[in-house]
Amino acid sequence: MRIFDFLPLGLFASLPLHGGAQTQAAGVPPTTDRVALTAMVEQARAARPDDVTIRFEVQLDDGISVAGSQQWMLSWGHAGARMGAFAPQRDPFPGSEMGWQFNVGSGEAMRWGPTGAKLSRDPQSVQVGELPTDYEFFLGEFVMEGALGLPRQKRDLVALLEDPSAVVLPQTEVVAGQECVVVELDSRDADGAHGYAMRGYYGIFLGYAQVRFEIVRGDGGLLGRWDTSKFWSLGSGSTLFPIDGIYENWDGAGRLNSVLRMTVATAPDGSPAITTGMQLQTAAAMPPGAWIQDIDNGKIYQVASDHTARAQAFLLDNPAVRPSESWMSMMLIGAISLAAACVGLTAFVVGARRGRPTAKAASL
């Protein structure tokens, strides 16, 4: 899973920019009060349709090689949140290579992969919510943490504004043609030798969508910058969604280390692949034969297989055996169906009750 290649992005997520932004002064923000701005941001986010699903691709260039593009899917709403990584030519549901989700209604978290799925009412035991997607960094909103009710990373504008040290600058700035409110959090020492600072630019006419986010070292050197160039709206007055983005990472000597590019996939009609009507994954929707481990009670189940479909597949693979009016053929079909039905029970227990493993031991 390529997200591990991008984990350096997350190292600064809870840290507090400056430098590197090509901007120009614009006007006065609607407010410089953190509480008032928070209310405006939350109102714009709430105006978006519930249960949004976004498919996107990411590509990393580390200066040595360009990693192949990998596709992701991110969904969230009042019902919960889920995300999955999948191969370019594979349908993301239910055949995701890897996926994580949290169901608010049931309080159940699930993680799935090629070998099956694990579920629990303790999200940490199945590593749900531990890895943000690249899209969340460009979105400036950490939706899985929001679904879990966890404190969001400071990269989230609402969480950033909740910090008493955060400052809404008295002037807006124009970034990529968008007038932006600028929020800054500086944790550097007075001499600039230690600490980090960060600054976010949020489009006023984009529902306070993140247009740029920068992180710098104590000496003012740029560490990382997220830029977004296009946005998509699903409702009047709502926060827009980023379509294209680029993240640049620098080392301590000011050399560009790597570049990550993100773009939302394109739907058949040419529009961005941003839809409403999220469908949470269920254990029963996993491919037939997949194993499901319930971490809470230590039991292991297997997803049922369709015995009729197995019989038909056998006949297609064996042309000499065809349905006919002969009793031998009819008996053969019945025997195949009966045997497959015995194998594909809806759910059966193969493991005894055992203690809950740690999050590390719960890996698939």
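Residues are numbered from 1 along each chain as its sequence is written, and side-chain values use heavy atoms, with hydrogens and water left out. Because the model is predicted, local features need pLDDT of at least 70 and side-chain atom pairs count only at pLDDT 80 or more, while totals for chains, interfaces and linings use all residues.

Helix α2 comes first here. Helices (H or I, at least four residues) and strands (E, at least two) are DSSP runs, numbered from the N terminus. Helix α2 covers residues 34-46, and its 13 residues at 1.5 Å a residue should span 18 Å, which agrees with the 18 Å between its end C-alpha atoms. The expected span is taken as 1.5 Å times one less than the number of residues. At the start of α2, the backbone nitrogen of Val 35 has a side-chain oxygen of Asp 33 within 3.1 Å. This can be set beside the definition of a polar contact: a pair of N or O atoms within 3.5 Å, where within protein one must be able to donate a hydrogen and the other to accept it, and residues adjacent in sequence count only if both atoms are side-chain atoms.

Which residues of α2 are buried? They are Leu 37, Thr 38, Val 41, Ala 44 and Arg 45, where buried means under 20% relative accessible area, exposed over 50% and partly exposed in between, with a 1.4 Å probe and protein chains only. Seen down the axis of α2, these buried residues fall within an arc of 130 degrees, so they line one face of the helix. The arc is that of the directions from the helix axis to the C-beta atoms. An α-helix has 3.6 residues a turn, so residues three or four places apart point the same way. Val 35, Gln 43 and Ala 46 are exposed on the other side of α2. The cover over the buried residues of α2 includes α5 (157-162), β8 (167-168) and β10 (178-186), contact being heavy atoms within 4.5 Å.

The loop between α2 and β2 (52-61) holds Asp 51. Its phi is near 60 degrees, a positive value in a residue other than glycine. With a relative accessibility of 17%, Asp 51 counts as buried. A positive phi, near 65 degrees, is also found for Tyr 208, again a residue other than glycine. Tyr 208 lies in the loop between β11 (197-203) and β12 (209-216), and is buried at a relative accessible area of 10%.

The aromatic rings are next. The whole structure contains 7 aromatic pairs. Rings of Phe, Tyr and Trp (its six-membered ring) pair if their centres lie within 6.5 Å; planes under 30 degrees apart count as stacked, over 60 as edge-to-face and the rest as tilted. The ring centres of Trp 72 and Trp 100 are 6.3 Å apart with planes at 5 degrees, so this pair is stacked. The pair links distant parts of the chain, with Trp 72 in strand β3 (residues 70-77) and Trp 100 in strand β5 (residues 98-103), 28 residues apart. Trp 72 and Trp 100 are both buried.

Phe 137 and Trp 226 also form a stacked pair, at 6.1 Å centre to centre and 10 degrees between the planes. Here Phe 137 in helix α3 (residues 134-139) is linked to Trp 226 in strand β13 (residues 222-228), 89 residues apart. Phe 137 and Trp 226 are buried. Ring pairs join Phe 137, Phe 142, Phe 213, Trp 226 and Tyr 247 into a cluster. Arg 155 lies over the face of Phe 213, 3.9 Å from the ring centre, and its charged end sits over the ring of Trp 226, 4.1 Å from the centre. A charge sits over a ring if NZ of Lys or CZ of Arg is within 6 Å of the ring centre and within 35 degrees of the ring normal.

Trp 250 lies in strand β16 (residues 244-250) and counts as buried at 15% relative accessibility. Not counting residues up to four places away in sequence, Trp 250 touches Leu 222, Leu 223, Gly 224, Arg 225, Arg 255, Leu 256 and Asn 257. Asp 251 is in the loop between β16 and β17 (256-264) and is buried at 14% relative accessibility. The side chain of Asp 251 reaches the backbone nitrogen of Arg 255 at 2.8 Å.
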